[in-house]
Amino acid sequence: AASTSRPSMHDSNQMNMLLGQGGVEGSGPVLRTTAHAEAPGQCVKCHMPDARHSFTVSYDKGCAPCHTAADAAARAATVKSEILNGLLALKTRMEGWATAHYGNDLFWEYTSNITAEGFTAPAQSGVPIQIKRARHNYYFIVRSSDYGVHNAAYCRHLLTVANENLDAIGAARPAASRGKVSNDVILAMIKKDMDRVHRAELNDIEQ
């Protein structure tokens with residue numbers, strides 16, 4: 001969470017997520033790993049059964065004997081929807097804070113991500129540490145791109161800690177009556193964020 005220029009974790013940080021390492025974790029107990037982290041062969045167990053080299057998820061054999069294919073698919077769909085909606089709520093809170101303090105809903109972001117959109121970023125010294133912690137956890141989950149499937153417990157913990165940080169600075173929570181947004185809509189939002197990150201990274205390399 002120390003970087004203010006851009007997200008400090010690598011893209012596709014699935015192993016970090018699987019092992020429950022690298023997020024802003026707060027001071028309370030952390031449920032760091034699940035049974036997935038101890039699966040024989042780890043990634044290969046679920047993604048390459050029978051030496052398949054497509055590396056696509058294989059619910060039929062990859063998730064056996066712990067799950068049937070139907071059970072694994074249902075669990076994955078449920079947790080993915082939960083985490084995606086949690087990310088949307090978290091981003092909405094950060095945008096609301098940025099609008100209230102700077103008049104621009106992008107100004108919760110890292111400086112490079114802001115300048116990639118053509119704006120002059122505010123001084124990061126004026127951005128509370130709570131926002132910096134929350135945005136780190138947002139991008140840590142987003143860049144792992146599994147949305148809870150690898151490690152639902154750690155994802156939930158990072159979202160909880162991020163929201164607790166926003167509570168501490170009075171950032172408004174979305175209305176409880178807000179219905180769930182479709183996964184496709186949220187994934188499109190996340191794609192825009194990641195496109196901006198990649199543009200910012202290219203800009204930093206070219207400078």
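**Entry 1: helices α5 and α6**

I began with two helices of this predicted model and noted that α5 and α6 cross in a left-handed manner. I then looked up which residues make the contact. From α5 I listed Gln 130, Ile 131, Arg 133, Ala 134, Asn 137, Phe 140 and Ile 141. From α6 I listed Tyr 154, Cys 155, Leu 158, Leu 159, Val 161, Ala 162, Asn 165, Leu 166 and Ala 168. Sorted by class, the residues of this contact are twelve nonpolar, three polar and one charged.

For the geometry, I recorded an angle of about 155° between α5 and α6, with the axes 8 Å apart. Angles over 145 degrees count as roughly antiparallel. The helices α5 and α6 are therefore roughly antiparallel to each other.

I next looked up Asn 151, which is found in the loop between α5 (129–144) and α6 (152–168).

**Entry 2: helices α3 and α6**

I turned to helix α3 (residues 69–102), which packs with α6 at an angle of about 20°, the axes being 11 Å apart. Because of this angle, α3 is roughly parallel to α6. The crossing of α3 past α6 is left-handed. On the α3 side, the contact is made by Val 79, Glu 82, Ile 83, Gly 86, Leu 87, Leu 90, Arg 93 and Met 94. On the α6 side, I noted Ala 152, Cys 155, Arg 156, Leu 159, Ala 162, Asn 163, Leu 166 and Asp 167. The contact of α3 with α6 comprises ten nonpolar, two polar and four charged residues.

How many salt bridges does the count come to? I recorded 14 salt bridges. In one of them, the side chains of Asp 50 and Lys 61 meet, at 2.6 Å from N to O. Both Asp 50 and Lys 61 lie in the loop between α2 (43–47) and α3, so the pair ties together parts eleven residues apart in sequence. Asp 50 is exposed, with a relative accessible area of 56%, while Lys 61 is partly exposed, at 45%.

I also looked up Glu 117, which forms a salt bridge with Arg 196, the closest N and O atoms being 3.5 Å apart. Glu 117 lies in the loop between α4 (111–115) and α5, and Arg 196 in helix α7 (residues 183–206), so this pair ties together parts 79 residues apart in sequence. I noted Glu 117 as partly exposed, with a relative accessible area of 34%, and Arg 196 as buried, at 8% relative accessibility. Through salt bridges that share partners, Glu 117 and Arg 196 belong to one network with Lys 91, Glu 95, Glu 109, Asp 193 and Arg 199.

Definitions and conventions: Residues numbered from 1 in each chain as written. Predicted model: local features only at pLDDT ≥ 70, side-chain atom pairs only at ≥ 80, totals over all residues. Heavy atoms only, no water. Helix = DSSP H or I, 4+ residues; strand = E, 2+ residues; numbered from the N terminus. Axes fitted to C-alpha atoms, helices over the stretch in contact; angles between N-to-C directions. Parallel < 35°, antiparallel > 145°, perpendicular 65-115°, else oblique. Left-handed = near helix turned anticlockwise from the far one by under 90°. Contact = heavy atoms within 4.5 Å. Nonpolar A, V, L, I, M, F, W, Y, C, P; charged D, E, K, R; others polar. Salt bridge = Lys/Arg side-chain N within 4 Å of Asp/Glu carboxyl O. Buried < 20%, exposed > 50% of the residue type's maximum accessible area, 1.4 Å probe, protein only.
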